Amino acid sequence: MVRVLFVCLGNICRSPMAEAIFRYLVDKQDLSSYISVTSAGTTFETFGQDMHIEAKEKLDENNIPYKKHKAKRLLPGTYNNFDYIIGMDESNVNNIIKMLKGDPDKKVYKLLDFTKTPRDIADPWYTGNFTKAYDDILQGCKALLDSIIKKYKIETNEEELNKEEILEKIDDNIYKFTQTSPNKEKITEYLAIAGRLLEIKTSISAFENSEMTDEEIMPSLKKYKKQIDEFLFRFKSK
Ligand code: 4NP
């Protein structure tokens with residue numbers, strides 16, 4: 001799992017908007033089994049509060065769903081719980097690094113660092129400009145997701161593959177898996193995945209030897225491919 005944490009000052013305007021927008025983008029590409037997302041603030045002032053009404057209105061206007069929100073504060077000692085810790089502005093980043101006692105793995109960023117024009121996202125709590133905050137956050141979330149997909153080589157559903165291409169990808173990934181050598185802690189998981197891959201290969205041969213048409217086989221092949229992608233991703237990222 002790639003674990004993303006968005007952080008702002010109050011956790012009622014920018015970071016919950018980022019959480020909702022990013023989750024929406026992740027779900028749209030069917031990547032929720034690869035990427036998790038949450039948010040927090042650096043102050044106690046707003047602890048337990050709902051998302052700001054104008055932040056919710058912006059999300060509603062753009063048909064972005066969001067969960068019931070209660071502002072949380074960034075907890076010291078949680079540095080290792082995340083792969084990306086993403087502030088909205090410079091002062092968020094400074095506060096994060098202070099509260100988490102450094103950034104040895106260089107995983108603290110500003111959201112717009114992922115775009116071609118790195119800059120702060122102005123706090124709409126003070127500026128009143130929720131439209132600008134929404135637009136900046138959307139731009140940052142899209143760039144962040146692209147960057148994660150590239151870095152972790154996550155397979156997305158964007159391209160429509162034909163049967164031969166899916167079979168080729170399945171074989172490629174099974175081959176890649178056989179080339180990894182598990183350490184002691186991972187051996188049980190390795191064997192479980194290997195067993196499942198063998199079952200999948202057996203089912204595919206059964207399909208190929210059956211009277212089924214490509215159209216009938218495709219949904220299962222797609223499901224198998226996704227399962228294999230997820231296995232390998234989880235195995236690699238642990
Ligand atoms: P946010 O905005 O950091 O984008 O959630 C703020 C909301 C509330 C406060 C500060 C910033 N406040 O101090 O109450």
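Two strands pair if DSSP finds at least two bridges between them. Strands themselves are DSSP runs of type E with at least two residues, while helices are runs of H or I with at least four, and both are numbered from the N terminus. With that in hand, we can say that Val4 has Tyr84 as its bridge partner in β3.

Before going further, a word on what you're looking at. This is a predicted model, where local features need pLDDT of at least 70, side-chain atom pairs count only at pLDDT 80 or more, and totals for chains, interfaces and linings use all residues. Residues are numbered from 1 along each chain as its sequence is written.

**The whole protein**

Let's zoom out. The protein has 8 helices and 4 strands, and reading along the sequence gives you the pattern β-α-β-α-β-α-β-α-α-α-α-α. Its C-alpha trace spans about 65 × 45 × 35 Å along the principal axes. Of the 238 residues, 30% count as buried. "Buried" here has a cut-off: 20 or more other C-beta atoms lie within 10 Å of the residue's own, whereas exposed is 12 or fewer and partly exposed is in between, with C-beta atoms placed from the backbone.

Contacts have a cut-off too: two residues touch if their C-beta atoms, placed from the backbone, lie within 7 Å. Among the contacts with a separation of 6 or more, 73% are between residues 24 or more positions apart.

**The sheet**

In what order do the 4 strands of the open sheet sit? They go β2-β1-β3-β4, and the pairing is parallel. β2 (35-41) and β4 (108-110) are at the edges with a single partner strand each, so one side of each has no neighbour in the sheet. From one strand to the next, the twist averages 25°; angles like this run from 0 to 180 degrees between N-to-C directions, and axes are lines fitted to C-alpha atoms, for helices over the stretch in contact.

Here's how the strands are joined up, pair by pair:

| Strand pair | Bridges | Direction |
|---|---|---|
| β1 and β2 | 7 bridges | parallel |
| β1 (residues 2-8) and β3 (residues 84-87) | 4 bridges | parallel |
| β3 and β4 | 3 bridges | parallel |

Arg3 has Ser36 as its bridge partner in β2, and Leu5 has Ile85 in β3. Ile85 also stands opposite Val108 in β4. As for β1, 5 of its 7 residues are buried, so the strand is largely enclosed by the rest of the structure.

A helix packs on this sheet too: α3 (residues 90-99) touches β1, β3 and β4, and its direction makes about 170° with that of β4.

Now for α1 (residues 14-28). Its 15 residues should span 21 Å at 1.5 Å a residue, and the end C-alpha atoms are 21 Å apart, which agrees. (The expected span is 1.5 Å times one less than the number of residues.)

Is α1 largely enclosed or largely open? 11 of its 15 residues are buried, so α1 is largely enclosed by the rest of the structure. The buried ones include Met17, Ala18, Ile21 and Phe22, and the buried residues of α1 pack against β1, β2, α2 (53-61) and α5 (130-151).

Ile137 lies in α5. With 28 other C-beta atoms within 10 Å, Ile137 is buried. Leaving out residues up to four places away in sequence, Ile137 touches Arg14, Met17, Ala18, Ile21, Leu111 and Ile121.

Most residues other than glycine have a negative phi. Asn11, in the loop between β1 and α1, has a positive phi near 55°. Asp30, in the loop between α1 and β2, has a positive phi near 60°. Which of the two is buried and which is exposed? Asn11 is buried, with 28 other C-beta atoms within 10 Å, whereas Asp30 counts as exposed, with 11 C-beta neighbours inside 10 Å.

**Around the ligand**

Finally, the ligand. It's surrounded by 13 residues, and the closest are Cys8, Leu9, Gly10, Cys13 and Trp125. To count as near, a residue must have its C-beta atom, placed from the backbone, within 6 Å of the molecule. By class, the shell has 5 nonpolar, 5 polar and 3 charged residues. Here Ala, Val, Leu, Ile, Met, Phe, Trp, Tyr, Cys and Pro count as nonpolar, Asp, Glu, Lys and Arg as charged, and the others, Gly among them, as polar.
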